[in-house]
Amino acid sequence: RPGSVSVSWLGWQIDTSVPVVLLVLLTLLILLGVTMRVARWFAAIPRRWREGRAEKQRRTGYMALIDGLSAVAAGDGAKARRNAERADSLLRDPPLTMLLSAQAAQLAGDASSAKRHFTQMLDRKETAFLGLRGLLTQALKEGDRAAELDYARRAHAINPQAEWLTATLFDLEAREGQWGAAEATLAAGQKAGAFSGGEARRKKAVLLLERARAAGESSDGLKLAYQAFQADPGFPAAAAHYARALMARGKAKKATAALIDCWRVDTHPDLAQAWMELLPDAGDPLARVRHAEKLLACRPDAAAGHLLLGEVALDASLWGQARTHLTAAAETKPSARAYRLLARLEEAEGTDPLAIRDWLAKAAEAPGEPVWSCRQCGTAAPSWSALCPACGGFDSLAWVDPAASRLPAVMTNEATAE
C-alpha cells in the first residue's frame with residue numbers, strides 16, 4: 001500500500017514513504033530493547049555477586065555439616081564440635097545445626113551444653129522429636145529415672161509409631177512398677193509391631209501377675225490372676241499364684257487343672273511345690289505320695305516329678321519306690337539334690353555304708369541346682385519376681401544352672417572394662 005509521510009518539527013521537514021517510517025520505528029524498538037537488557041545486566045552485577053557468595057558459603061556450610069556428622073559417627077568429638085560451630089556460622093539455620101551441635105557436645109562430655117542444644121530443639125515442631133530423643137538418651141546415661149520417663153512419654157506422644165521408643169517407654173514404666181501404664185503401652189506397641197505375639201503375651205502375663213499380687217485376695221486379685229494365667233499358660237509363676245488364689249476360695253478342682261496345664265508345658269519346681277500345697281492333709285506321708293504320683297502321671301518323663309515323688313516316698317519310708325524314682329531322676333537329669341537324697345536313702349536303709357559315701361561324692365561333683373538369675377546383670381535371686389532385685393530389669397530372671405548364671409555378669413564386667 002504505497003503512501004507518503006511528511007514530518008515538520010522545529011524547522012525540519014522530512015518527507016518519506018510509509019515503509020521507511022516503519023523500518024525506522026522497528027530499528028528504534030530493537031535498539032531500545034538491547035539497551036535495556038544491557039542496562040539490567042550491569043545493574044544486576046552486585047546482586048549476582050552477593051548470590052554467588054551466599055551459594056559458596058552455603059556449600060561450605062553443608063560440607064562442614066556433613067563432615068561434622070561423619071565425625072559424630074566416628075566418635076571424634078573435637079572435630080564434630082569444630083564443624084558444628086563452622087556450619088552454624090555459615091548456614092545460620094538452627095534446625096540443621098542444633099542436632100550436630102548437641103551430638104558434638106555429647107561426644108565431648110559436655111552434658112550441660114548438650115542439654116541446652118536439645119532443649120532449644122523443643123521450640124521447633126520439626127526438631128522437637130529429635131530434641132526429646134537426645135534428652136532421653138542423656139537422661140538414660142545419667143540415670144535420672146523421673147526425667148527418662150517424662151521425655152519418653154512426650155516423645156511417644158509425638159511419634160507413637162517408633163518401635164524403639166515404645167519398647168523403651170514400656171521398659172521404663174515397668175521398672176517404675178507402673179503396671180497399668182505399662183500394659184497400655186504394651187497394647188499400643190503390639191498394634192504398632194514393636195512386640196511380637198509371643199513376647200507381648202509373656203509381658204502381659206507378667207504385668208497382670210504383678211497387678212494380681214498387688215490386689216491381694218480381693219475379687220479383682222483373682223480375676224487378674226486368671227487373666228495372667230490365660231495370657232501365658234506355660235508361665236509357672238502365674239499358674240502357681242492363680243492356683244493358690246483358687247485354693248484360698250476352696251476351688252481345688254480348678255487349681256489342680258491350672259497346675260497340670262502348666263506342668264505339661266514346664267515342669268518347674270515351683271509348680272511341684274504349689275501342687276503339694278493343694279493336699280488337704282499335708283501331714284499324712286502316704287497321702288503325699290499318692291498326690292505326687294498324680295502329678296508325675298501327667299509327665300512321666302519329667303525328672304522334677306520323679307525327684308518329688310522319690311523324696312515324698314523317702315519321707316514315707318517307702319524305700320523301694322523312693323529308690324526307683326530317685327534313680328530315674330538322677331539318670332534323667334543328674335543333680336546334687338538327687339544324689340543327696342539317694343545317700344539319705346542308703347542311710348535310712350542302713351545296708352551299705354560305702355554307698356552313702358559314693359552318693360555324696362557324686363553330689364559334690366554334680367552340677368549345682370538351678371537358680372533364678374538375671375539375664376542382664378547375672379545376679380542370683382532367691383525367687384522369681386517381675387523386676388531383678390539388683391538391676392531392676394523387667395522379666396529378666398531366668399531359671400538357669402549356676403555356671404550359666406555367672407556368664408552374663410562376667411560378660412558385663414568385661415564390656416565395662418573395655
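Predicted model: local features only at pLDDT ≥ 70, side-chain atom pairs only at ≥ 80, totals over all residues.
**Entry 1: the largest pocket**

I looked up the largest pocket first. Its volume is about 690 Å³. I found 30 residues in the lining, with Pro269, Ala304, Leu307, Arg337 and Glu369 closest to the centre. I then sorted the lining by class and got 15 nonpolar, five polar and ten charged residues.

**Entry 2: the second largest pocket**

I turned to the second largest pocket, which holds about 330 Å³ of space. Its lining has 18 residues, and Arg213, Ala237, Ala240, His241 and Arg244 lie nearest the centre. Helices α12 (236–248) and α14 each supply at least two lining residues. The most come from α12, with seven. By class I noted nine nonpolar, four polar and five charged residues.

Arg244 is in helix α12 and Glu277 in helix α14, 33 residues apart. Arg244 counts as partly exposed because its relative accessibility is 35%. Glu277, at 40%, is also partly exposed.

I searched the whole structure and found 18 salt bridges. One of them joins Arg145 to Glu176, with 2.8 Å between the closest N and O atoms. Arg145 is in helix α7 (residues 145–158), while Glu176 is in the loop between α8 (163–175) and α9 (179–192). The two are 31 residues apart. Arg145 is partly exposed at 44% relative accessibility, and Glu176 is partly exposed at 35%.

Arg153 and Glu173 meet in another salt bridge, at 3.3 Å from N to O. Arg153 lies in α7 and Glu173 in α8, so this pair ties together parts 20 residues apart in sequence. Is Glu173 buried or exposed? I found it buried, because its relative accessibility is 3%.

**Entry 3: a network**

I also noted a network of salt bridges that links Arg202, Asp232 and Asp395.

**Entry 4: a nonpolar patch**

Val18, Val20, Leu22, Val24, Leu25, Leu28 and Leu31 make a nonpolar patch of about 600 Å². I placed Val18 in helix α1 (residues 18–43). Val18 counts as partly exposed, at 30% relative accessibility.

Methods
Residues numbered from 1 in each chain as written. Heavy atoms only, no water. Patch = residues over 30% accessible without salt bridge, like charges linked within 9 Å, V, L, I, M, F, W, Y side chains within 5 Å. Areas by Shrake-Rupley, 256 points an atom, 1.4 Å probe, with all protein chains shown as cover. Salt bridge = Lys/Arg side-chain N within 4 Å of Asp/Glu carboxyl O. Helix = DSSP H or I, 4+ residues; strand = E, 2+ residues; numbered from the N terminus. Buried < 20%, exposed > 50% of the residue type's maximum accessible area, 1.4 Å probe, protein only. 1 Å grid on protein atoms, 1.4 Å probe; cavity = no way out; pocket = protein on both sides within 12 Å on 5 of 7 lines; lining within 4 Å. Points joined across faces, edges and corners; volume = space filled by probe spheres on them. Nonpolar A, V, L, I, M, F, W, Y, C, P; charged D, E, K, R; others polar.
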